[in-house]
Amino acid sequence: MTERQAAGLQLRAITKRYGEQTALHETTLKIPAGRFTSILGPSGCGKSTTLMLIAGLETPTSGCVLVDGEDVTNTPVEARGIGIVFQNYALFPNLTVKENILYGLRARKATDAEQSSRLAEMLELTYLTDLADRYPAELSGGQQQRVAIARALASESKVLLADEPTGNLDEDTSAGIIELLKQTAHETGKCVIVVTHSRQLAEEADEVMEIKEGKLKKV
Ligand code: ADP
């Protein structure tokens, strides 16, 4: 297999059971890099479970998860190269935009040169250059979500997962965030995955996946 074919995320025969309850049943799926993919389904269908299995916050009962062709099923969350964006932004309130974005790079002791070039790149990608010294409380919801996206991408994550990223935003702002996620996938070549119950949002994506009866299928 060429590197290009392997780039992205794969689920191989993933089953996840919680006691008697099967949340996901023998799901096999390829999610390509450089594309914006949505995972759609009603509440309780297994969206959060799928996201947590990809991120490494849950372990599958059977099956495996591959990132760029590498089996990461037993790789801890911090070593998987996966960035996560949540509905409620989850920014550090006591840190500025700049400090939030640099958090992961500082934690792994990136050089000053690496930090400043990644910071400039992320600020430009998310249109936050002029707001770099503000605190989260001084930003709108849409701006805060852009910081969360920049932070999730700053540490060289190969996959960006977003869990209902526009759930707290008005229609226009949501459209801007969706456009940014799409642009991020195309410009950075990363695998960008949004999990949502909103068909309207899901259908904005390049690829739409739907969870039906515990199975994840391409629409
Ligand atoms: P969604 O995100 O689509 O709302 P979830 O992935 O949260 O769905 O849940 C899928 C199914 O698995 C649901 O029936 C839910 O009740 C069950 N479930 C999720 N997490 C747990 C858990 N920690 N323990 C037991 N059952 C769970």
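Visitor: Which helices each supply at least two residues of the lining of the second largest pocket?

Guide: Helix H6 (171-188) and helix H7 (199-202) do. H6 gives the largest share, 5 residues. This is a predicted model, where local features need pLDDT of at least 70, side-chain atom pairs count only at pLDDT 80 or more, and totals for chains, interfaces and linings use all residues. Residues are numbered from 1 along each chain as its sequence is written, and side-chain values use heavy atoms, without hydrogens and water.

Visitor: Why is a space called a pocket and not a cavity?

Guide: Work on a 1 Å grid over the protein atoms alone. In a cavity a 1.4 Å probe fits but cannot get out; a pocket is an open set with protein on both sides within 12 Å along at least five of seven lines. Lining residues have an atom within 4 Å of a point.

Visitor: Which residues are closest to the centre of the largest pocket?

Guide: The largest pocket holds about 540 Å³ of space. Of its 18 lining residues, Ile 82, Gly 83, Ile 84, Ala 152 and Ser 155 are closest to the centre. Strand S6 (82-85), helix H3 (97-107) and helix H5 (141-154) give two or more residues each. S6 gives the most, 3.

Terms used: Grid points are joined across faces, edges and corners, and a volume is the space filled by probe spheres set on the points. Helices (H or I, at least four residues) and strands (E, at least two) are DSSP runs, numbered from the N terminus.
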